Amino acid sequence: MTIEIATYLLISSIFGLLIIGIPLAFVTGLVAVLFTLGWFGPNAIPLVGSRIYGFITEYSLVAVPMFVFMAGLLDRSGMARDLFNSMRVFSGRLPGGVAVQTLVVAFFLAAISGIIGGEIVLLGVLALPQMLRLGYDKRIAIGVVCAGGSLGTMVPPSIVLIIYGLISSVSIADLFKAAFIPAFILMGAYMAYVIFMCARNPAMGGAHITEEDQPKISFKEAVKGISGPLIIAGMVLGSIYGGIASVTEAAAMGAAGVLAAVKLRGEFSFKLLRDSLTQTLETCGMIVWIGIGAACLVGVYNLMGGNRFVSNAILGLDVAPILIIMVMMLIFLLLGMFLDWIGIAMLCLPIFVPIVVQLGFNPVWFGILFAINMQVSYISPPFGPAAFYLKSVAPPDISLKDIFGSMVPFIVIQLCVLGLMLAYPEMTTWAL
């Protein structure tokens, strides 16, 4: 069997097993074992084990459970609720003010934890009912919650960027530095869209908001509500950018900071700690199992010569290098409609990143493009996870069709920002 036929058979096997309902982690592991036996024989099975050991002993991977634990504490404490109410004081009479401050809160939450699903559920519980009650058009309200919640793919300490750095052997601190401008541009573009739509048609932005609808808290209380998350985010990111701590150490500092804040607020309980740790184990277990399966599959495929086959096929194209990058972006977008971002990262990055380096492009820049792509995939039909997260907490009259329809303008914004980063790489690499 030639490597070309093996490649087509491998891809069709993965999608065939996914279609019948087998989880991605077990699909990749099963296909890896079958191809190892078929191509090399049973004596090569220990090679699969060596790939597993190399993945799970990566030191930077320790940062992931720390950030997930932070998100679990935020979900269950009142910090996020107080942050939301405080931001409403500052939003004033700005057109679409509650939607705008929801985006700011989403940015803050992303800067503290870097976890996406929890943010969307949290905003769906806190912000969505408020916007609907105040008369916001449901398309604006739903789109803001899903797009704002997905900012966690870009805003440091993004788990997406951490995994990219681990797989691609790229400095995670450099990825965090490079991500800030694109993340601000995305948030600014979302805000500009909301303000424009609500200014053009005030009925879309709760035109009937009265003084009674404003939060009954003082300016001092609002400052207090925002100061805790701001201090924690500054502690985590400041220690990384200032060279005081590595990403893993900063994650530990952040987890300790959130735990201390919860204790000082008088909200700490054994149940809160247990539920947060359970969520951490479930999320990290999923990441590790998908990582193990994908690491085995990619390792076996590379031993078969698959990386050379793909590299030669792509580099042999008689087109400009930037067009090759655009083809990779298209592959990410298409896979993002059907696969989880972790699986896409584990399967594609070990093959794509060396090609990017061979073409003379900065792998940090490519990492930012990948993160934006994964943000698009998070809200793209038919399997965008953001829609299902929100549906679990949305009012019964909001259907999946409503949710996916509401996200179309925000997908367009994300694609425009992706094009901007493609055209101007220096927007991501200036700080390196």
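This is a predicted model: local features need pLDDT of at least 70, side-chain atom pairs count only at pLDDT 80 or more; totals for chains, interfaces and linings use all residues.
**Stop 1: the nonpolar core**

Begin by selecting Ile162, Ile163, Met328, Phe332 and Phe366, the residues with the most contacts inside the largest nonpolar core. That core has 154 residues. Next, colour residues 172-200, which form helix H10; this helix supplies the largest share of the core, 14 residues.

Now centre the view on methionine 328. Leaving aside residues up to four places away in sequence, methionine 328 touches Ile314, Phe352, Ile355, Val356 and Phe366.

**Stop 2: aromatic rings**

Phe352 and Phe366 lead on to the next selection, as both belong to an aromatic cluster.

The structure holds eleven aromatic pairs. For one of them, select tyrosine 190 and phenylalanine 410, whose ring centres lie 5.5 Å apart. The planes of these two rings meet at 65°, so the pair is edge-to-face. Which helices does the pair connect? Tyrosine 190 lies in helix H10, while phenylalanine 410 lies in helix H20 (residues 408-423), so the pair ties together parts that are 220 residues apart in sequence. Both tyrosine 190 and phenylalanine 410 are buried.

**Stop 3: glutamine 375**

Keep tyrosine 190 in view and select glutamine 375, since tyrosine 190 is one of the residues that glutamine 375 touches. Glutamine 375 is located in helix H17, which spans residues 363-379. Is this residue buried or exposed? Its relative accessible area is 0%, so glutamine 375 counts as buried.

Show the surrounding side chains next. Apart from residues up to four places away in sequence, glutamine 375 touches Ala147, Ser150, Leu151, Thr153, Met154, Leu186, Tyr190 and Gln414. With serine 150 there is also a polar contact, made between the two side chains at 3.5 Å.

**Stop 4: salt bridges**

Turn now to the charged side chains. How many salt bridges are there? The count comes to five.

- Select arginine 139 and aspartate 137: they form a salt bridge, with the closest N and O atoms 3.0 Å apart. Arginine 139 is partly exposed, at 48% relative accessibility.
- Select glutamate 267 and arginine 265: in this salt bridge the closest N and O atoms are 3.1 Å apart. Glutamate 267 is partly exposed, with a relative accessible area of 23%; arginine 265 is partly exposed as well, at 33%.
- Select arginine 274 and aspartate 275: their side chains meet in a salt bridge of 3.5 Å, N to O. Arginine 274 has a relative accessible area of 41% and is partly exposed.

Salt bridges that share partners join Lys271, Arg274 and Asp275 into one network.

**Stop 5: cysteines**

A search of the whole structure finds zero disulfides. Select cysteine 284 together with cysteine 296, which holds the nearest cysteine sulfur, 19 Å away; cysteine 284 is in no disulfide. Cysteine 284 is buried, with a relative accessible area of 13%.

Then select cysteine 416, which is likewise in no disulfide. The cysteine sulfur nearest to that of cysteine 416 belongs to cysteine 146, 19 Å away. Is cysteine 416 buried or exposed? With a relative accessible area of 52%, cysteine 416 is exposed.

Technical notes. Residues are numbered from 1 along each chain as its sequence is written. Side-chain values use heavy atoms; hydrogens and water are left out. Helices (H or I, at least four residues) and strands (E, at least two) are DSSP runs, numbered from the N terminus. Buried means under 20% relative accessible area, exposed over 50%, partly exposed in between (1.4 Å probe, protein chains only). A polar contact is a pair of N or O atoms within 3.5 Å; within protein, one must be able to donate a hydrogen and the other to accept it, and residues adjacent in sequence count only if both atoms are side-chain atoms. Contact means heavy atoms within 4.5 Å. A salt bridge is a side-chain nitrogen of Lys or Arg within 4 Å of a carboxyl oxygen of Asp or Glu. A disulfide is a pair of cysteine sulfur atoms within 2.5 Å. A nonpolar core is a set of buried Ala, Val, Leu, Ile, Met, Phe, Trp, Tyr and Cys residues joined through side-chain atoms within 4.5 Å. Rings of Phe, Tyr and Trp (its six-membered ring) pair if their centres lie within 6.5 Å; planes under 30 degrees apart count as stacked, over 60 as edge-to-face and the rest as tilted.
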